[in-house]
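Subject: Structure for you to look at

Dear colleague,

I am handing over the structure we talked about, and below it you will find what turned up when it was examined. Please keep it open beside this message while you read.

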Amino acid sequence: MSDETDDRTAAEQGIRATYTETESERRLAFEVTDDAAAARPGATAAIAQNIEGYAMLKVRPTADGDELERYYGFDMALDHAAELLGVAPHDLPVPAAADDMGM
């Protein structure tokens, strides 16, 4: 069950997700906390999209990190982010504000 605190943050099974917007991007950042089971404690991953919300999604090791790969679909970007964190994609909490990324 999700421990969602507001529409821009969510935490579940030792993974914290934070949605932010910059001048040019929408960003969804993930961090594995120390209490996550079968994950890499301290691991991070991020998904970024242009502020207009229509460009390809970029997967990065951190919100400000270098791009690792680009995807058209949010599900594919989540798969890659989960791989970086050492968890299954369905274990990633997604805050409500980020639900429409990749659409």
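A polar contact is a pair of N or O atoms within 3.5 Å, and within protein one of them must be able to donate a hydrogen and the other to accept it. Please bear in mind that this is a predicted model.

With that term in hand, you can turn to R26, which has its place in strand β3. The side chain of R26 is joined to that of Y19 by a polar contact of 2.7 Å, and it also makes a polar contact with the side chain of D100, at 2.6 Å. R26 has a relative accessibility of 7%, so it counts as buried, the cut-off for that word being under 20%.

The strands form an open sheet of six, in the order β1-β2-β3-β4-β5-β6, and their pairing is antiparallel. β1 and β6 (69–71) stand at the edges with a single partner strand each, so one side of each has no neighbour in the sheet. On average, neighbouring strands of this sheet are turned by 20° against each other, if direction is ignored. Within the sheet, β4 (residues 44–50) and β5 (residues 57–60) run antiparallel and are joined by three bridges, and A48 has K58 in β5 as its bridge partner. Helix α1 (residues 74–85) lies across β2, β3, β4, β5 and β6, and runs at about 155° to β4.

Finally, please look at Q13, in the loop between β1 (9–12) and β2 (15–21). Q13 is not a glycine, yet its phi is positive, near 50°, and with a relative accessible area of 49% Q13 is partly exposed.

Best wishes

Definitions and conventions. Residues numbered from 1 in each chain as written. Predicted model: local features only at pLDDT ≥ 70, side-chain atom pairs only at ≥ 80, totals over all residues. Heavy atoms only, no water. Helix = DSSP H or I, 4+ residues; strand = E, 2+ residues; numbered from the N terminus. Buried < 20%, exposed > 50% of the residue type's maximum accessible area, 1.4 Å probe, protein only. Pairing = 2+ DSSP bridges. Axes fitted to C-alpha atoms, helices over the stretch in contact; angles between N-to-C directions. Contact = heavy atoms within 4.5 Å.
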